Amino acid sequence: AFRGEKAQSIAERTFEKLLAADPKKPQIHYLLGYLRQQQRRYAEALQFYQQASLLDPDYVNAWKKIQEIDRDYHLPRGVRDDAICNLYR
C-alpha cells in the first residue's frame, strides 16, 4: 500500500495531520503503525499499534499487527502474550 518513497511521504504527511486533528482515533494510530512497519521501523510501528489497542481494546487488527511484528522484531514476552490473549478474547 505504501510502496515507494513518494507514497510513504504523502501517507506520512496525511496521517500526521489526521493525528494532530484527532489524537484519540485508534485507526490513525493503526495506519501510522502500518506505515512504520512497511518502512521496517518496527519499534515505532509497535508503539502506534499499542496506542491503537489502548484507545480501542477490541481493535483486532491492531492486536494482529502487534503479533505479526514479532516475526521481524523481537517483542518482549509480555507484549507478545498480551497480543495473543487479546486475539483469543
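This is a predicted model: local features need pLDDT of at least 70, side-chain atom pairs count only at pLDDT 80 or more; totals for chains, interfaces and linings use all residues.
Local features need pLDDT of at least 70 and side-chain atom pairs count only at pLDDT 80 or more, while totals for chains, interfaces and linings use all residues. Residues are numbered from 1 along each chain as its sequence is written, and side-chain values use heavy atoms, with hydrogens and water left out.

Helix 1 covers residues 5–21, which makes 17 residues. Helices here are DSSP runs (H or I, at least four residues), numbered from the N terminus. From first to last C-alpha, helix 1 reaches 24 Å, close to the 24 Å expected at 1.5 Å a residue; the expected span is 1.5 Å times one less than the number of residues. Q8, A11, F15 and L19 of helix 1 are buried, where buried means under 20% relative accessible area, exposed over 50% and partly exposed in between (1.4 Å probe, protein chains only).

Next comes a pair of helices. Two packed helices are described by the angle between their axes and the distance between the axes. For helix 4 (residues 60–69) and helix 5 (residues 77–88), the axes come within 9 Å and cross at roughly 145°. Axes are lines fitted to C-alpha atoms, for helices over the stretch in contact, with angles from 0 to 180 degrees between N-to-C directions. In helix 4, V60, W63, K64, I66 and Q67 meet V79, D82, A83, I84, N86 and L87 of helix 5, contact meaning heavy atoms within 4.5 Å. The residues of this contact divide into 7 nonpolar, 2 polar and 2 charged.

Q50 lies in helix 3 and is partly exposed, with a relative accessible area of 27%. Leaving aside neighbours within four places in sequence, Q50 is in contact with I66 and V79. Q50 and R77 are 27 residues apart in sequence and 15 Å apart in space, C-alpha to C-alpha.

R40 lies in the loop between helix 2 and helix 3. Most residues other than glycine have a negative phi. The phi of R40 is near 65°, a positive value in a residue other than glycine. R40 counts as exposed because its relative accessibility is 66%.

Conventions
Helices (H or I, at least four residues) and strands (E, at least two) are DSSP runs, numbered from the N terminus. Ala, Val, Leu, Ile, Met, Phe, Trp, Tyr, Cys and Pro count as nonpolar, Asp, Glu, Lys and Arg as charged, and the others, Gly among them, as polar.
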